[in-house]
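Let me put the model up, and then I'll walk you through the parts I've been looking at.

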Amino acid sequence: LFMYFTDGTEYCQKFDKEIIETEEFTGWPYYHLVLVKLDFNKSVERPKLLNQQNEELANLYGVRGYPFVVIVNPKGQKIGEAKYQRGGPKPFIEELKRVYNSDVDRRILTPADVETPARPE
């Protein structure tokens, strides 16, 4: 779970306070996802390579504003995104679960997906 933030915006502050810092957020997300918070604060000096890497990742995942949350699978493929939602952590976590479960369901092999090897006679 890549969480793109920048300081100073009202929605980033609300997102932090109303979702990330809540007790509910320390449940399901902590056990099912790797949480990565990326700070895109322009007033902080960073090495040039780090800034370039951050920009490339933001472009790769289509970050259009802050806060912006990208859900990726173990291969680093974007499987969904989420944004700040009113109502606290519950609707946000439900959206994360929906995206996560849809990807898990997509990757699970069913018996019809698995070919049975021919038995030697």
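So, Tyr66. Leaving out residues up to four places away in sequence, Tyr66 touches Tyr4, Phe5, Thr6, Thr9, Cys12 and Phe40. This is a predicted model, by the way, so please hear everything I say with that in mind.

Where does Tyr66 lie? In the loop between H3 and E3. Now, buried, exposed or in between? Tyr66 counts as partly exposed, because its relative accessible area is 31%, and the buried label needs under 20%. There's also Tyr84, 18 residues from Tyr66 along the chain, with 9.2 Å between the two C-alpha atoms.

The peptide bond from Tyr66 to Pro67 is cis, and omega comes out near -5°. For background, most peptide bonds are trans. If you're setting up anything from these coordinates, that's the bond I'd point at on the screen.

Phe40 lies in the loop between strand E2, 36-39, and H3. Phe40 counts as buried because its relative accessibility is 5%, and the cut-off is under 20%. Setting aside neighbours within four places in sequence, the contacts of Phe40 are Tyr4, Phe5, Thr6, Arg46, Asn54, Glu55, Ala58 and Tyr66. Go back to the Tyr66 list and you'll find Tyr4, Phe5 and Thr6 there as well.

Asn51 is another one to look at: Asn51 sits in helix H3, 11 residues from Phe40 along the chain, and their C-alpha atoms are 8.7 Å apart. Asn51 is partly exposed, at a relative accessible area of 32%.

On to helix H3 itself. H3 covers residues 48-60, so 13 residues, and how far does it reach from its first C-alpha to its last? That span is 18 Å, close to the 18 Å expected at 1.5 Å a residue. After H3 comes Gly62, with a positive phi near 70°. Most residues other than glycine have a negative phi, and here we do have a glycine.

The largest pocket has a volume of about 230 Å³. It's lined by 15 residues, and those closest to the centre are His32, Leu33, Val72, Asn73 and Pro74. Which elements give two or more residues to that lining? E3 and H4. H4 supplies the largest share, with 4 residues. By type, the lining splits into 11 nonpolar, 2 polar and 2 charged.

Val72 lies in strand E3, and it counts as buried because its relative accessibility is 18%, with the line drawn at under 20%. Not counting residues up to four places away in sequence, Val72 touches Phe2, Tyr61, Gln77, Lys78 and Ile79. Val34 is 38 residues away from Val72 in sequence, and the C-alpha to C-alpha distance is 9.7 Å.

One more residue, quickly. Thr22 is in the loop between helix H1, 10-20, and helix H2, 28-32. Thr22 counts as buried, because its relative accessibility is 15%. Beyond residues up to four places away in sequence, Thr22 touches Lys17 and Pro89.

Let me zoom out. The protein has 4 helices and 4 strands, and along the sequence they run β-α-α-β-α-β-β-α. Of the 121 residues, 34% are buried. Take the contacts with a separation of 6 or more: 61% of them are between residues 24 or more positions apart.

Confidence is highest in strand E3, residues 68-72, at 92, and lowest in helix H4, residues 89-107, at a mean of 85.

Technical notes
Residues are numbered from 1 along each chain as its sequence is written. This is a predicted model: local features need pLDDT of at least 70, side-chain atom pairs count only at pLDDT 80 or more; totals for chains, interfaces and linings use all residues. Side-chain values use heavy atoms; hydrogens and water are left out. Buried means under 20% relative accessible area, exposed over 50%, partly exposed in between (1.4 Å probe, protein chains only). Contact means heavy atoms within 4.5 Å. pLDDT is the predictor's confidence in each residue, from 0 to 100. The expected span of a helix is 1.5 Å times one less than its number of residues. On a 1 Å grid over the protein atoms alone, a cavity is a set of points where a 1.4 Å probe fits but cannot get out, and a pocket is an open set with protein on both sides within 12 Å along at least five of seven lines; lining residues have an atom within 4 Å of a point. Grid points are joined across faces, edges and corners, and a volume is the space filled by probe spheres set on the points. Ala, Val, Leu, Ile, Met, Phe, Trp, Tyr, Cys and Pro count as nonpolar, Asp, Glu, Lys and Arg as charged, and the others, Gly among them, as polar.
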